[in-house]
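Student: Could you walk me through this one, starting with how its helices pack?
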Amino acid sequence: MTYRGIRYNLAMQNDTIAAIATPQGVGGIGVIRVSGSDAFALVSPLFRRRANDQIPPSHQLTYGHIIDPQSQELLDEVLVAFMRAPHTYTREDVVEIQGHGGPLVLKRLLRAVLAQGARMANPGEFTLRAFLNGRLDLAQAESVMDLIESQTEVGRRLAVQQLQGQLSSQLQEARHTILGVVARIEASIDFPEDDVPTPTVAELVPIVSLAQRQIAQLLAGSEQGRLYRQGLRTAIIGRPNVGKSSLLNALLRTERAIVTSVAGTTRDTVEEVANLRGIPLHLIDTAGITPTDDPVEQIGIQRSRAAAESADVILLVFDGATPLTVQDRQIMDELQALGFGAREKSSSRSVVLVLNKADCQQRVETGELQEIWPDAPLVATSTLSGQGLADLEEAIVELALSGKLQSNENVLVTSARHQDALRRAAEHIDAAIASLQKNLPLDFVSIDLRAGYDVLGEVTGETASDDLLDKIFHEFCIGK
Ligand SMILES: Nc1nc2c(ncn2[C@@H]2O[C@H](COP(=O)(O)OP(=O)(O)O)[C@@H](O)[C@H]2O)c(=O)[nH]1
Ligand SMILES: [Mg+2]
């Protein structure tokens, strides 16, 4: 398979790889991770400790120093863990060097390990090895990234659950059910003369239906699961002074999500992440989207338009205390031109009408708004009193899910990839049941069942193509 354009072949899997496993920047400690059959042999000559005769006991931290073997220069005071395969992250011999967490220190330590003959690890290569060596299946490997990137407590819990293999075991259960039926059908086809009885439709339908229900159950919570993982892009749009920034702050204050790095923070659009009942709500406070002659403003407007266009939800904010202005109407026209009108029935593009300043006397004619967006929820809010904010959150979730948020207890599927595979599997199983009910030859049924079985294997990785693996591990960071 190709890996970042490199052919990731068996020979490369035999390399001993090394990388800095802790984030770039300054920290109390920093970790160099080394994995592969030569890991112990490569690190040992660098590591000086009191009793230098043998490799320290496996899976224990040993105090010592890392020395540059050429110059004998002392590089850092460290704790080192030598971990003998197979009880390691990659199932290979692993050495982790805990040094001081400075970028230069770690670079020197890594360089010393590379000079010994280790190869710099590719992004996600440690986890890829864990997968290839059977320590994790693909769904579990993906959850490692989800766990690292989780922004809300719900997201974290779902990722840990997937890492523990809960999704995988449900999938294997469904696959097992399907395979049982395939085996019975194929035995009766392959050995008709050996008295293998041909299973009857009445026998098979209940078993295939069980697999169908198992898949349907996983799919049931998957829309909500995707929201927890991906979050919702929400653009706040409206003319100046209606309370957009106040609304952003009010939504953030309810519960802020944990954010490590937020892309798109610019001078004129502000992006923050609120925690909406476990869903990371990416709120984008826009500058304005109506045409202007000022070149600086134009840039802001372009960014705001882009934010609107890529948003899942638009909060269209009005000052409820003043009748609609020319500027309000310009924005309404502009939004319709961008495809956010009533005529566009695309569910992912949803408008919530927000009448802010509900604490003041209301003077907006809502009929005009409802004519343009008849299906859009209309919520009166006050960022001063907090009135309507919970309703607004509710409206956002309902729009995104086309329904209410259920308890997240039964959510196991959180990724679009898994959801897609499950949907395709469900189609194959449905087709198998239809063929059974039409009394079609059993090999038709068997073909569909096998296809369903294979598609489910894409999630856990048994039947994942090299391209797919490539794509998944490409997203990882170096050192993971
Ligand atoms: N009475 C009242 N005033 C508000 C409310 N929300 C915002 N404001 C005020 O409206 C003005 C503009 O608010 P701001 O959030 O900066 O609006 P933006 O220009 O749309 O971002 C400020 O003086 C706010 O204090 C509200 O719910 N009620
Ligand atoms: Mg503002």
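Tutor: In this predicted model, helix 5 passes helix 6 in a left-handed crossing, meaning that the near helix is turned anticlockwise from the far one by less than a right angle; helices are DSSP runs (H or I, at least four residues) numbered from the N terminus. Local features need pLDDT of at least 70, and side-chain atom pairs count only at pLDDT 80 or more.

Student: At what angle do the axes of helix 5 and helix 6 cross?

Tutor: The axes, which are lines fitted to C-alpha atoms over the stretch in contact, with angles running from 0 to 180 degrees between N-to-C directions, cross at roughly 155 degrees and come within 8 Å. Helix 5 and helix 6 are therefore roughly antiparallel, the word used for angles over 145 degrees.

Student: Switching topic, which residues touch the most other members of the largest nonpolar core?

Tutor: They are Leu167, Ile178, Ile215, Leu422, Leu449 and Leu456, in a core of 32 residues. Such a core is a set of buried (under 20% relative accessible area, 1.4 Å probe, protein chains only) Ala, Val, Leu, Ile, Met, Phe, Trp, Tyr and Cys residues joined through side-chain atoms within 4.5 Å.

Student: And which helix gives the most to this core?

Tutor: Helix 15 does, with eight residues. Apart from this core lies another, of 30 residues, among them Val154 and Leu248.

Methods: Residues are numbered from 1 along each chain as its sequence is written. Chains are lettered from A and ligands numbered from 1 in the order in which they are written. Side-chain values use heavy atoms; hydrogens and water are left out. Buried means under 20% relative accessible area, exposed over 50%, partly exposed in between (1.4 Å probe, protein chains only). Helices (H or I, at least four residues) and strands (E, at least two) are DSSP runs, numbered from the N terminus. Angles under 35 degrees count as roughly parallel, over 145 as roughly antiparallel, 65 to 115 as roughly perpendicular and the rest as oblique.
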